[in-house]
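Subject: Structure handover

Hello,

Here is the structure for you to open. Please have it on screen while you read the notes below.

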Amino acid sequence: MSESLAQYQEDLRRLSDELIRIQTPIKILDAIKWPREMEERFLSSKGTVLPAISQDFYQKIALPFDPVKTQAELLDLKQEIHRRLGKKDKLGKILVANVDQYRLVVDMLGHRGTPVFGQLSQELYGSASHRLHGDRHTLRQLGDKLSYIFSLPAARHMNKHHPKIISAPEAVNVLSQRLEKYFHSDDMRVRLSDGIVSDAAVGGDTVKLNSKAMFSESDLNVYEVHEGWVHVGTTLNGRAQPHATWLSVGSPRVAATQEGLAVLLEMLTLSSNPGRARRISDRVAAVDMAEKGANFIEVFNYFRELNLSAKDSYRVTQRVFRGGMVEGGSFFTKDISYVRGYVENINFIRSAITSGLPELIPMLFLGKLAIEDIPVLYQACQEGILTPPKYLPPMFDNFSGLYAWFGFASGLAGIDLKGVQRHFTRLFKDVPSIDPSLELLDDTEFDNNSD
């Protein structure tokens with residue numbers, strides 16, 4: 001190894017570790033979370049009284065870092081990266097992009113409960129009105145199409161097959177056993193938590209399950225691949241990097257790739273279910289409504305009118321108003337990341353295959369990254385600066401099957417599905433349904449809900 005390369009790697013490691021140190025106390029979701037009793041109060045009012053969340057509420061949640069000091073440290077780090085690696089260094093540019101993201105995050109958290117919070121959230125995570133890469137449709141249009149599909153009578157019937165009968169302690173034991181087999185040489189934990197509002201969450205190398213929740217077998221299948229294989233897996237893969245250790249932590253610019261990859265794994269392993277898929281799709285509509293000025297009650301009522309339960313309607317709405325203003329005018333847009341990232345990951349894999357570069361596909365698991373980083377990171381792997389992912393799901397480790405699956409999918413993409421649907425609608429016309437309320441999907445109905 002040349003002396004200059006050794007010095008470069010040493011600088012990269014030192015600068016990466018400094019970013020990790022600075023960002024460690026910056027916990028976005030902790031800074032904007034609502035107390036669990038807020039749900040009980042809102043539902044007991046029959047959804048008629050806005051949650052008691054204001055700027056004063058957020059000011060009482062002390063940030064575990066000094067915003068002024070942290071901004072200064074991030075700016076100093078950015079300047080040091082430019083000095084040590086050079087402004088044109090490709091890995092340095094990715095590192096700087098993450099530094100700039102954390103600077104925006106600090107600013108956003110300093111404006112909780114104000115319109116500026118929503119503006120900075122859009123800058124960090126995007127908007128539901130944004131169009132997909134290379135497509136004319138917006139995220140809201142895609143979200144509506146998916147929500148429609150996953151709320152059909154047949155989907156509602158299938159959701160009955162996933163009863164929540166597993167207690168939280170039992171779920172911890174089952175998930176621990178599964179993930180210990182996957183992460184064979186690293187310590188990771190599954191534990192109960194009283195401090196999360198959702199049923200499951202990830203923090204670094206730990207999967208946390210809500211101690212008050214009940215779970216279905218489908219839930220555990222989802223958590224195994226979504227929280228485990230993807231979120232914990234990419235954390236540990238990033239930590240395994242000898243120099244680019246920043247890949248173990250994720251700024252908002254990696255959210256779409258991370259969440260989209262996690263949803264994709266749910267689909268590839270057949271772990272998900274229509275109810276879960278609908279909840280993910282509904283989040284886009286919630287973001288879009290909030291961005292257009294709707295208040296908390298208006299978004300909640302929108303989902304109630306779509307036959308979503310009061311509890312589920314509250315939770316999808318609450319996610320979007322965290323950090324914002326319940327009376328409207330400010331919002332948290334991270335929830336578009338799931339649908340947006342799912343489409344981007346699929347398109348990346350398909351494009352890697354059709355471009356003759358399937359070896360780029362496992363790089364999705366290298367660490368916490370954005371898809372646009374992958375060509376640079378792959379080249380750094382080829383040069384020995386980075387190491388390949390330590391943990392890979394089976395279909396990404398030996399991706400010949402994945403190649404075939406996506407190859408067929410790409411070939412079928414040009415088929416006129418409306419004509420196919422008309423053919424099978426005629427074929428199914430006289431087939432008795434297992435549920436009298438289930439009706440065949442009409443062409444016109446599908447067209448009216450597709451945009």
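Below are notes on confidence and aromatic rings.

This is a predicted model: local features need pLDDT of at least 70, side-chain atom pairs count only at pLDDT 80 or more, and totals for chains, interfaces and linings use all residues. Residues are numbered from 1 along each chain as its sequence is written, and side-chain values use heavy atoms, leaving out hydrogens and water.

Confidence. The chain's average pLDDT (the predictor's confidence in each residue, from 0 to 100) is 90. Of the residues, 94% score at least 70. Residues 436–451 fall below 50. Where pLDDT is low, the predicted coordinates should not be read in detail.

Aromatic rings. The structure has 18 aromatic pairs. Rings of Phe, Tyr and Trp (its six-membered ring) pair if their centres lie within 6.5 Å; planes under 30 degrees apart are stacked, over 60 edge-to-face, the rest tilted.

Take Phe42 and Phe300. Their ring centres are 4.9 Å apart and their planes at 90°, so this pair is edge-to-face. Phe42 is in helix 3 (residues 37–44) and Phe300 in helix 14 (residues 296–305), 258 residues apart. Helices are DSSP runs (H or I, at least four residues), numbered from the N terminus. Both Phe42 and Phe300 are buried (under 20% relative accessible area, 1.4 Å probe, protein chains only).

Phe42 also pairs with Tyr314. This pair is tilted: 5.6 Å between centres, 40° between planes. Tyr314 is in helix 15 (residues 310–321), so the pair ties together parts 272 residues apart in sequence. Tyr314 is buried too.

Ring pairs link Trp34, Phe42, Phe296, Phe300, Tyr314 and Phe321 into a cluster.

Best wishes

Methods
Contact means heavy atoms within 4.5 Å. Helices (H or I, at least four residues) and strands (E, at least two) are DSSP runs, numbered from the N terminus. Buried means under 20% relative accessible area, exposed over 50%, partly exposed in between (1.4 Å probe, protein chains only).
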